[in-house]
Every structure is written in C-alpha cells, then in structure tokens.
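Let's take a friendly walk through this structure together. Have the sequence and the 3D view ready as you read.

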Number of protein chains: 2
Amino acid sequence: MSPTDIEFWFDFSSGYAYFAALDVEALGRRVGRRMRWRPFMLGTAFKVTGARGLSSTPMKSDYARRDWERIAREKGVPFAPPDDHPKVALAATRAFYWIEAHDQDRAATFAASVFRAYYAGALDTSSPEAAAAHAAEIVVAVPVELAAGIADPALKDAVRATSEEAVARGVFGSPFFIVDGEPFWGWDRMAMMERWIVSGGW
Amino acid sequence: MSPTDIEFWFDFSSGYAYFAALDVEALGRRVGRRMRWRPFMLGTAFKVTGARGLSSTPMKSDYARRDWERIAREKGVPFAPPDDHPKVALAATRAFYWIEAHDQDRAATFAASVFRAYYAGALDTSSPEAAAAHAAEIVVAVPVELAAGIADPALKDAVRATSEEAVARGVFGSPFFIVDGEPFWGWDRMAMMERWIVSGGW
C-alpha cells in the first residue's frame, strides 16, 4: 500500500458503506489517489465501543432504513437488501481477501460487485458457497478452489487480524476512511474528505 | 407552530448541534421556512436507544473531538467548550423555555447565544444562576425573576415533557430536524434536507 492511498474500511452489511462504495472510485480519480478497499467485521469494533448496529438500535433502526431508502431515491440506485439484513458478511469478507492475495487488481471489483448484488437482494454474503460462486464470476477461478481457500484457517486468521488491525487504528464505524493519517467516518464525510485532500488539509 | 416550520431539536451540549445552530437560520431563510428551536435533554433519548453520548463512547470520543475541531477550522469558528464538556445543560434548556413563554421572538436569539458562549468556554449551561444571568442579557429581565422562573416546578415539568415529546416523535439524536413530517438526523443532513425541501421531497 502506498502512503498516498485512501483506505476505505467497511462492513459489507453497512448500508452507508454501500452508498460510499458506489462513489469512492470516482472520488479517488478526482483527487488522484488510489482507493484501498478494506472490508472488516464491524462487530469487532462494536465489542470495544459497546455500540450496536443501527439495525438493532431502537428508534435508530427505523430512521436508518428510511434514510437509506431516501438516499437511494435521490441517487436513483436500488436499495433492497435481504429481509434478514444485516447479514454477517464474513464469507464475502474472506472471499475478498482470498482474491486480493491471488489477483489484487480484481479485489476492488469483487467488493463493488458484492455491494451491488447484496443490496439488490441477490447475494447471501454470509454463505461461503454463495460468496465463492460470486467471486468465481469475477476472478475466473473455479468455485471449489475458492470455497477451499475461504475455509483455510490461515485465511480466517488473517481476516480476523485485519478486523483487529482496523480497531487498533481507530476504525469504529463503516464506512471509515483514513488518508494521510487523517480519519473520516461516514458516507457523509466523503465531501469533506475530498475538500481536505484537495486543499492539503486544514 | 405552523405546519410549514422546520423543527430544530438539539441538546446544547451536542457539538454537532452547535455547528447546526450557526447555519440553521440562513437555511430557513433560503427555503422560506421558519426555524423552531427545540432544546431537549438528549439523555432522555439515550435511555430508550441504549446509546451513550459521543464523549463517553470509547474510540468515538477521540474521533468526535477531532472532527469538531476540524469542522471549526474549516468554518473558521471557535470550538472551545469547557474542560468538563459535555455539561448537563438542563439550566440553559429551562431558561430557553421560560423565555419562549414570555418573549417568543427572543428564544431563538437566546439559544444561538448560549451555543456561542458555551463553545467559547464562557458559559456554564448547567448553572441556573449563569443561565439566568446570560438570559437577562437577551430578554431584558432581571436575573432574579429569571432564576425564580427556571426553578418553577411547572416549568421543570414542561421541559421534562418536551424531552419526552421529542422521543415519542422519534427524535433520538442531536441535532435532529423534522419538516413536513420528514426526519433528518445530524448536522451532515442539513444539505440533504434543504434539497428535499426545495425539490418538494422525493
């Protein structure tokens, strides 16, 4: 990773991360920075902050659903996650890191594709078989090889370590960006982050 | 209150509400809506959501402080709350509603003034005496009358009922706006709210 990269930390089951994912690559091109997609398990951070997910917090859950659907209407994009949203997207997260290790350039493509498929209600991000089959469409690998890779204890450990790294570096929400050592939390900080980069910080 | 008013719910000890307070009246003028300032005790909502204030949540507290100071630098405004921020701003909240009952037009002026003074480190919003003295500068009343008014059990009950009304209507954070029945949570939703009003909703 280059020190000028923008780290884009997210959990696939974060509605606001989905909207961020739709725009991050364009933002990166505008500011001349490479976007490094870093899926992690947000639950790891919740254990430290004591926070709960939006969807399991009274009052906030109804608001978040309304807000996500309102954002989707304004942007003209779908927002139709599975009925049991938020899924625990560990399988899709493991598939991402397996792909990154084998075909780094395709990892971001896979992540963006997972977001689009999940929020169209068409991908079970918690299923290793579904994640492997979806990944196989992106990286031209056989699903069985991917499924075995996702199940590899070494990969599982690496993914767990990545979530712990996120927390150690102050990442407590999703989406969460780090650029030039500066943290920006939330889809609604992307415009500020862009101004911050363009102006050289303030 | 007119049905076209924008309700601006906030806790005086909310850093993001301070930044909102600096801009809400200009927003209201742009869209031709009156802003109705509604201070309440955010702790009442926290009892329902189980959430904690940003400043008492691990990881988030450090980030929020950094974010507030960053916003203040970009906007070129002070951000210097007292060392024991966030104070429990019940006295200032009661003073607001006492003023609103006696001199409605000055209530928003008082609230804006409380924000500016608190975030310049110069007002103890938890002190009835300090709140009364500050209010007296705005409404041309004698501080002793204000102090007695703030201590009136009927006013205290009304303020408590206002916080409960906020929660009953889905207000769980600060700042929180309701316009034409539509809720918008957060300083970072003000631009969206303005687009929503101007476009007639979407």
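Which strands of chain A does helix α5 (residues 104-118) lie across? In this predicted model, α5 of chain A lies across β1 and β2 of chain A, and its direction runs at about 60 degrees to β2(A).

Those strands belong to an open sheet in chain A, where 4 strands follow the order β2-β1-β3-β4 with mixed pairing. At the edges stand β2 (35-39) and β4 (182-185) of chain A; each has a single partner strand, so one side of each is left without a neighbour in the sheet. From one strand to the next, the twist averages 20 degrees.

Strands of a sheet pair through backbone hydrogen bonds, either parallel or antiparallel. Here β1 (residues 6-10) and β3 (residues 176-179) of chain A pair in the antiparallel sense, over 4 bridges. Look for Trp9(A), which stands opposite Phe176(A) in β3(A). Helix α1(A) also packs on the sheet, where it touches β1, β2 and β3 of chain A, and its direction makes about 175 degrees with that of β1(A).

Now turn to Arg70(A), in helix α3 (residues 60-75) of chain A. Is Arg70(A) buried or exposed? Its relative accessible area is 0%, so Arg70(A) counts as buried. Arg70(A) touches Tyr63(A) as well as residues of chain B, among them Glu182(B), Phe184(B) and Trp196(B).

Finally, visit the second largest pocket, with a volume of about 650 Å³. Of the 25 residues lining this pocket, Asp188(A), Ala191(A), Asp188(B), Ala191(B) and Arg195(B) lie nearest its centre. Elements giving two or more residues to the lining are α1 (15-31) and α9 (190-199) of chain A, together with α1 (15-31) and α9 (190-199) of chain B. By class, the lining has 12 nonpolar, 13 charged and no polar residues.

Technical notes:
Residues numbered from 1 in each chain as written. Chains lettered and ligands numbered in written order. Predicted model: local features only at pLDDT ≥ 70, side-chain atom pairs only at ≥ 80, totals over all residues. Heavy atoms only, no water. 1 Å grid on protein atoms, 1.4 Å probe; cavity = no way out; pocket = protein on both sides within 12 Å on 5 of 7 lines; lining within 4 Å. Points joined across faces, edges and corners; volume = space filled by probe spheres on them. Nonpolar A, V, L, I, M, F, W, Y, C, P; charged D, E, K, R; others polar. Buried < 20%, exposed > 50% of the residue type's maximum accessible area, 1.4 Å probe, protein only. Contact = heavy atoms within 4.5 Å. Pairing = 2+ DSSP bridges. Axes fitted to C-alpha atoms, helices over the stretch in contact; angles between N-to-C directions. Lists of a residue's contacts leave out its neighbours within four places in sequence.
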